[in-house]
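Hello,

Please find the structure we spoke about below.

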Amino acid sequence: MKELVIIGAGNFGRETVWLAESINKIQPTYNVLGFLDDTEEKQGKEFCGYPCLGKIPFLKELARQRSIYAVIAMESCAGRQKIVASLGEFTNWETLIHPSANIAESARIGAGSIICANTSISVSTSIGDHCLINIGTIIGHDTAIGNYVSIMPGVCICGNAVINDSVYLGVNCSVMPKITIGAKAKVGAGSAVLKNVAASTTVLGVPATPIQISGPQPSPKQQKGWPDFLSFVAAIFQADPRELNADTAYGEYEKWDSLMHMTLVMSIEEKYGITIPIEDIPRLKTLQDLFSCTIKNLE
């Protein structure tokens, strides 16, 4: 059996353990040793019955001692790419494919990718290295997907599409046939992509249209603080800023549902050039929470 280490002890790390255990039920394949995670509070603790063995650089030491395989269980495209670069010469990246996935024999899947339950990958499709193909994804024929792509649950990509490196496709979005999405672009949850998307662009809606974000900006403190942040969020909601306040809450405000939640987070990350830790996202319940989290990650 292969000795497997999972990098990232967050929510998707727990789902990756579930995936490995599902594979083992069909064919004993992996001895899961545990997790590696740089979060200080996770050191020495257990997650799903498996220990946090140490921080991510410890993989190099483990690999010198024995034959180790690893997979990165993180939704962030940039996060996965950064980890691969930091580990340099390590090459034993394992590809995990759930037993329920329906994958054509002519499809090609790169090293370190994770293919979750109930996915369908059609003929002559190629998927690059370190991609995340989440639960219930459908990928049509002759589609080319680059490296470090993150595809969230329920996405449908029609045939002959081109999804370049480090693209993020939000929950339940759709990509029409022969569409090209440029590198590092982000598609918001529930969107329908009917036209090509330029690199480093965030699009949202039906049909998907660009959100005007010009890259990393000065922090809210350096601009107009809360009013600037509120105006930005209102534009994403397509709402009048006067409808919103610090107590506007996820699940209570009619335009802030589960699909919009990830779109807000993605848009804030893009505008301010930050990465909000995945484990923090469920705790962001109000606009004040989002504003405070943005300030914290800029410090």
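Predicted model: local features only at pLDDT ≥ 70, side-chain atom pairs only at ≥ 80, totals over all residues.

Residues are numbered from 1 along each chain as its sequence is written, and side-chain values use heavy atoms, with hydrogens and water left out.

A salt bridge here is a side-chain nitrogen of Lys or Arg within 4 Å of a carboxyl oxygen of Asp or Glu. The count by this rule is eight. Three of them are described here, including their burial (buried is under 20% relative accessible area, exposed over 50%, partly exposed in between, with a 1.4 Å probe and protein chains only).

Asp37 and Lys42 form one of these salt bridges, at 3.6 Å from N to O. Both Asp37 and Lys42 are buried.

Lys186 and Glu269 form another, with 3.9 Å between the closest N and O atoms. This pair links distant parts of the chain, 83 residues apart: Lys186 lies in strand E21 (residues 186-187) and Glu269 in helix H5 (residues 258-272). Helices (H or I, at least four residues) and strands (E, at least two) are DSSP runs, numbered from the N terminus. Lys186 is buried at 16% relative accessible area, and Glu269 is buried at 15%.

Arg242 pairs with Asp240 in a salt bridge whose closest N and O atoms are 2.7 Å apart. Arg242 is exposed, at 76% relative accessibility, whereas Asp240 is partly exposed, at 27%.

Regards
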